[in-house]
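Hi there,

Here is the structure I promised to pass on to you.

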Amino acid sequence: MYQTAGVSLEEALIEESIMHYDVSRRDFLKLCGGTAAMLGLSQAWIPQIASALEQAAKRPPVIWLSFQSCSGCFESLAKADYPDVATIVLDIISLNYQEVIMAAAGTQSEKNLDDTVAAGGYITIVEGAIATGIPEAMMVGGKTSEEIVGEVTANGAATIAVGTCAAYGGVQAMNPNPTGAKGVSDVISTPVINIPGCPSNPDTMVSTITYYLLYKEAPKLDSKGRPKFAFSQKVHDNCDRRAHFDSGEYVEEFGGEEEAKNYCLYKMGCKGPETHSPCPLTLWNSKQNWCIGSGNGCIGCMEPDFWDEFAGFYDTLPNVPVPGFIGVKTSTDYIGSTLVTATMTGIGIHAIATAAKGRFKENDDISEGSDD
Amino acid sequence: MEDRVNIKQRHWVYLLLHWTIVCVISILAFTGLFIHRPFFSLGTSQDPVLLMSWIRWTHFICAAVLIETVAIRLELSFFSHFDADWRDVGPSRKNFKALPEAISYYLFARNDHRYWRKLNPVMNTILIPIALLFYLMAILTGFALFQGTFFWGLTTTNQLFGWVFNVFGGEQTTRTWHYYLVWVFAIYVAFHVYFSILRSSRDRDNTFGSMLTGWRLVPRKYAPIRGGSGKKKRKAGKRPGKMR
Ligand code: SF4
Ligand code: SF4
């Protein structure tokens, strides 16, 4: 236990976790600097951020609800291979209920949840979609996901939906959406901060939590409920392959020579031009790499309906449903060229028929008169 | 051939606007297809040409010219002092009434047709509304996708045009709809050109050539009365029977 005279218990706690993970105070401030940059704050804010995190050693209680999901978002936040702000924040907040990592089980865990809800003032983080069509598809402790999320968020201070599933329904909401999967904001009436992504980005999650600890209110949100500080720019705006896009240099096929040159992945179906996300700035896996850096186009995992709207992921424009044929999808090029071919054929047949009728010859068939 | 008179039918300003629109949409279609799927490349990695940037720049310039041209054409059709032709162009009740007859002629269900000194009912009730809808869609989806500062200092922010995405169901779907416009354009041109050729050769009134010269060879009995005002045209109903 690390403790010095004149330091409060709370400050000691954060100091302890910093020591525990072998992070120097200087590293900690550097990491706070990263969060400041993400939030669009100047470096002058670093002490405030550090102090907000340290003040948070009062441990605001957090309830982490998991519904229809793969737990990837929690993994994303909790990845413990590197002691970063995420790890420290996880130690700072009091994670009173988290099904993946909590020690309590059965009635004890239910009691933890009920006590925290009764006390109020907690942050609810929801991961996973709410099953509304088949409520029995997602039940915990005999309650449906919709009931749980309604009861828990009603008494909380703030609600954060992490991951595209909690924000917009996620892959289980893919057409025809058998379980009626919906995002949290579709089933509760209190405000929700969406941090989409499949999984959601740890830096964005930490920055949002820090923002909340700093200002005691939600950050400004865009029309899809996402924090503007992270989601106002597109992947395409900050992509390091953008120069190749502008020069018309594209990967023509996977494994080709253009791929070795790290050319733009637009022709391989990159959806970066339609996706709002900070990925090119925050990167992934402890800032090691990201999707496009690894040679795969962005699939737009931070956008609502990306599972339907952006698929096939390897075409510049996704396939679209064919009207009149339920469940059949094809490319826009195919639909367009078929219609044009049909039109030209129709016109050709009409021209032949018109010629056969002698209508291309000198007219003798004008009736009644001009009527213009 | 019966008696014909050469009538100055189209003002040169309208011809100029028409062909400006043709050129501009053709360039928009070409650059749009390139943006959809870049099908050629220029330059080398040592000496790159900013191909996509220039193509997109051209697309945006042409979009601005198209919007201006369409706006001028619409404005003139209501307020021009030389030919405010909004009554003759576009759907009217008279045109809708005549539409079944015109269509049944084209479908070979009847053998005679009327002479339309200006646009025929198929053009007025089907093609012109499609064109107007085309412009509306192209401009709205285009502005929504552009998301930057356009010409005339207009910044097409999400606040201003985000609703377009909601109408079409997302940004990606809006892009798909914007792309469909190139096919609509191709089909439109096919019909439009075919019908002009058909009419030109059938009525022998130089319809096709009038799009360059402005002069049309109208049978004398269908020409407006010389010296009369534009509204005092001959009544069609007073001329029963076939023209032979
Ligand atoms: S790889 Fe994708 S995001 Fe990057 S420049 Fe190309 S299209 Fe844009
Ligand atoms: S680059 Fe695209 S697909 Fe990859 S995480 Fe970011 S938004 Fe998702």
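Helix H12 (235-238) and helix H13 (242-246) of chain A each give at least two residues to the shell around ligand 1; helices here are DSSP runs (H or I, at least four residues) and strands are E runs of at least two, numbered from the N terminus. This is a predicted model, in which local features need pLDDT of at least 70, side-chain atom pairs count only at pLDDT 80 or more, and totals for chains, interfaces and linings use all residues. Residues are numbered from 1 along each chain as its sequence is written, chains are lettered from A and ligands numbered from 1 in the order in which they are written, and side-chain values use heavy atoms, with hydrogens and water left out.

Around ligand 1 there are 13 residues, and His236(A), Cys239(A), Cys264(A), Leu265(A) and Cys270(A) come nearest. A residue counts as near if one of its heavy atoms lies within 4 Å of the molecule. By class, this shell has nine nonpolar, two polar and two charged residues. In this scheme Ala, Val, Leu, Ile, Met, Phe, Trp, Tyr, Cys and Pro are nonpolar, Asp, Glu, Lys and Arg are charged, and the others, Gly among them, are polar.

What about ligand 2? The residues around ligand 2 include Cys279(A), Cys291(A), Cys298(A) and Cys301(A), along with Trp284(A) and Trp290(A). That shell divides into eight nonpolar, three polar and no charged residues.

Now to the two chains. In chain A, 51 residues are in contact (heavy atoms within 4.5 Å) with 61 residues of chain B. The area buried between chain A and chain B is about 5,300 Å², and carbon and sulfur atoms give 51% of that; buried area is the accessible area (1.4 Å probe) that two parts lose on being put together, summed over both.

How many salt bridges are there between chain A and chain B? The count is three, where a salt bridge is a side-chain nitrogen of Lys or Arg within 4 Å of a carboxyl oxygen of Asp or Glu. Arg175(B) and Glu274(A) meet in a salt bridge through their side chains, at 2.9 Å from N to O. Over all chains, the whole structure has 13 salt bridges. Within chain A, the side chains of Lys111(A) and Asp115(A) also meet in a salt bridge (2.9 Å, N to O). Both Lys111(A) and Asp115(A) lie in helix H6 (residues 106-119), four residues apart, about one turn of the helix.

Best wishes
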